[in-house]
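Have the sequence and the structure open side by side.

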Amino acid sequence: MFLTETDLINLRLTIGSKLNDSEIVEALLKDDILSPQKQLMKDGEKYYVCEHDVLQRDFRKTIISEGENEHEDTTRGHRVPFVNPNRSNHHNVNPFHKILVDQKASYLIGREPTISVIGAEKDSGKKAYEGLLSEFADEGFNELLSDWVIGASNKGFECVHVYYDEAGEFRYNIAPANEIIPIYDSVHEKDLQEVVRYYDITVIKGKEKYLRKRVEWWTKTDVTYYTEIENKRFIKDTERPYNPAPHWWDITKLNGFEKRREKHSWGRVPFIILRNNSKSTTDLQAIKGLIDAYDLLSSEGTNNFLDLVELYWVIQGYGGETANAIAERLRINRAVHVNDSAGKVEAKQVSLPVEGRIAYLEMLRRDIYHFGQGIDTDSEKFGNAPSGVSLKFRYTLLDLKANALSAKLKKAIKELLWFYTDHCNRQSGTDYRVSDIQLSINKTMITNDLETVQMIAVSKGIVSDKTLLSKHPFVDDVNAELIELEQQEEQNIKKYAEYQNLGDGGEE
């Protein structure tokens with residue numbers, strides 16, 4: 001649920017201007033938890049971990065019509081549930097959503113983004129800034145980006161929280177969107193003004209355990225903490241010595257004791273929202289019905305095959321023994337004696353409409369990948385066109401979907417780098433500027449490597465070396481590769497100088 005400052009004012013007016021912020025919190029959480037967006041988030045997360053709706057289906061149950069007596073037409077009777085305990089109840093879960101989300105995340109973040117500083121080649125200060133950014137963009141940073149993209153794809157948006165830990169170290173982590181209520185400006189609805197975060201904690205009282213909610217209301221200057229009490233009411237958390245509190249404290253110690261405590265704030269809300277697209281819809285919404293149909297049809301087919309009796313006998317005019325006894329005689333003697341001249345023994349075979357089922361499943365699969373905007377790597381067409389242009393054509397839909405997130409991802413990364421840059425400036429007294437950062441998302445796709453390398457070779461001198469490296473199929477980390485090339489060049493210069501010295505000595 002997204003809110004604006006105007007929505008917040010209207011909420012206060014609606015529930016009564018005399019109510020305090022604690023009661024505002026109660027109303028906000030109640031609306032957010034029951035909002036359609038949070039329900040869609042649950043679906044996206046469930047399907048990503050293969051908890052599909054088909055698992056709730058009991059294939060042993062069906063609905064039948066029965067009349068008042070045995071001679072009554074059953075079509076006119078009342079419908080009642082019927083459970084067949086001998087029926088198979090197998091569930092086929094087909095993780096299309098997980099495949100498509102992982103495919104999108106790998107396409108965008110499979111290769112590290114290129115982070116550079118404009119003018120770093122000529123300015124030692126900017127070169128040092130670029131080095132700091134390169135160190136910051138380590139494995140943990142890339143792992144965060146992957147989780148960020150996957151979270152946004154599953155939930156419609158995902159959030160990163162920036163903070164200082166108890167040791168005063170700069171930290172960042174995922175704050176699940178399920179726990180977040182973003183509040184934007186009322187004019188453009190783009191500037192994040194406040195964030196309400198809520199989560200459950202386990203409270204132990206005597207021998208009983210129960211869940212209570214904790215709430216953090218973040219603004220651009222401070223954070224107010226609330227805790228849930230009985231009757232689902234909220235009060236300010238009295239266990240915190242400072243409430244509201246600043247974003248962080250700058251504590252000076254002398255001989256291990258606190259000498260001075262100074263409050264600090266970022267001047268902006270320390271949360272970064274990454275939207276999946278302009279409408280913040282999940283990747284599951286467009287294909288959930290298709291996946292459910294595929295799961296249902298596949299599971300029904302499997303259960304039918306498991307329950308299939310390949311051969312059954314129709315016996316007429318044979319009495320005096322049970323069906324089990326007759327079946328035993330057929331198994332041993334391969335024959336039975338029929339007393340009644342009108343009787344007969346006939347074997348019948350059951351056939352299932354396999355071809356039609358397979359054709360329908362194939363149609364559903366095509367639709368899932370088409371409307372899910374992904375690439376079906378099992379398709380026969382995928383490997384039949386190795387040229388670069390043809391391979392790019394296969395990525396058209398995935399590229400369209402990724403582009404909806406790519407621009408937002410670059411903006412979100414720059415926001416994260418703003419917090420880190422501000423941290424570095426305060427620590428070192430520097431004046432680094434985020435506006436100097438150049439950021440490129442290096443998409444990952446199957447390509448014709450020979451064609452790519454040839455294009456890079458002929459582009460030498462036309463395009464910067466950093467851009468060419470970012471496109472090279474052998475390079476994953478452009479910044480690390482640039483450092484390696486610089487070290488290699490220094491070694492070559494040193495070896496050349498040593499060789500020249502040896503040459504001069506030989507002439508003497």
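In which loop is Ser280 found? Ser280 sits in the loop between strand S15 (271-275) and H7; helices (H or I, at least four residues) and strands (E, at least two) are DSSP runs, numbered from the N terminus.

A quick word on ground rules. This is a predicted model, where local features need pLDDT of at least 70, side-chain atom pairs count only at pLDDT 80 or more, and totals for chains, interfaces and linings use all residues. Residues are numbered from 1 along each chain as its sequence is written, and side-chain values use heavy atoms, with hydrogens and water left out.

Buried here means under 20% relative accessible area, exposed over 50%, and partly exposed in between (1.4 Å probe, protein chains only).

| Residue | Phi | Relative accessibility |
|---|---|---|
| Cys50 | about 65 degrees | 29%, partly exposed |
| Ser280 | near 60 degrees | 5%, buried |

Cys50 belongs to the loop between H3 and strand S2 (61-66).

Now for H7 (residues 288-307). Buried residues in H7 include Leu290, Ile291, Tyr294 and Ser298. Among the elements covering them are helix H3 (36-48), helix H4 (96-109) and helix H9 (354-371).

On to the packing. A nonpolar core is a set of buried Ala, Val, Leu, Ile, Met, Phe, Trp, Tyr and Cys residues joined through side-chain atoms within 4.5 Å. The largest one has 47 residues, and Phe141, Phe170 and Tyr172 have the most contacts inside it. Helix H11 (residues 396-428) is its top contributor, with 11 residues. Apart from that core lies another of 16 residues, with Phe157, Cys159, Ala175 and Ala245 among them. Beyond its neighbours within four places in sequence, Tyr172 is in contact (heavy atoms within 4.5 Å) with residues including Phe136, Phe141, His161 and Leu416.
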